[in-house]
Amino acid sequence: MYWLGVAPEPLGREHLVPDKDEDFYIKEAANMLVRALDCSQSSEVKSRASQISNKLSNEGRSSAMKMKVVLVLCIVMLIQTEVAHAAVYNVGGSGGWTFNTVGWPKGKRFRAGDILAFNYPSGAHNVVVVNKDGYNKCSTPRGAKVYNKGGDKVKLAKGQNYFICNFPGHCQSGMKISVFAM
Ligand SMILES: [Cu+2]
């Protein structure tokens, strides 16, 4: 995909494993990885793919075979892109799913299909999928899905997603999040 110009430059070992054990080099390696991921989802990559396909289709019927090849490549690229999109977020960061997590989603951009990982000691909390009313009032709708294992991974649906801990008083202490997924 790289030689067609529709995929980022492959990551080399030197990009992933820093040569020196210093903050700067580790940060550089992390940045490189972030850029590669960003690049694989960029509109530039997508428009480049459509340029190539347009160019080949303008060459007439004899290029039908090439067209097919490009279409297959585009599909492969889109699948790769989708995979790259499915990010995993640890709710609450290193502190995990706990009190006052209510502000955690602020400034983050989520996409439908992204995974929220709720990390907490089993038995200390739970994760309840609620609606807007349940979020605002810290109440649990009838039949709400409850997770309580402690390493719960929940896939975001398109639109607004609401989660609370329904242990008494916990949601009221900011143990709730509202997450918008594009
Ligand atoms: Cu709790």
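This is a predicted model: local features need pLDDT of at least 70, side-chain atom pairs count only at pLDDT 80 or more; totals for chains, interfaces and linings use all residues.
1. Residues are numbered from 1 along each chain as its sequence is written.

2. Overall make-up: the protein has 5 helices and 7 strands (DSSP runs numbered from the N terminus: H or I of at least four residues for helices, E of at least two for strands). Reading from the N terminus, the order is α-α-α-α-β-β-β-α-β-β-β-β.

3. Burial: 16% of the 182 residues count as buried. The cut-offs go by other C-beta atoms within 10 Å of a residue's own, placed from the backbone: 20 or more is buried, 12 or fewer is exposed, and in between is partly exposed.

4. The sheet: an open, antiparallel one, with 4 strands in the order β4-β3-β6-β7 (a pair needs at least two DSSP bridges). β4 (146-147) and β7 (176-181) each have a single partner strand, so one side of each has no neighbour in the sheet. Strand β6 (residues 159-164) is joined to β7 by 6 bridges, and Q160 sits opposite F180 in β7.

5. Phi to look at: most residues other than glycine have a negative phi. N100, not a glycine, has a positive phi of about 55 degrees; N100 lies in the loop between β1 (88-90) and β2 (115-119) and is exposed, with 12 other C-beta atoms within 10 Å.

6. Another one: C138 also has a positive phi, near 55 degrees. C138 is in the loop between α5 (132-137) and β4, and is partly exposed, with 19 other C-beta atoms within 10 Å.
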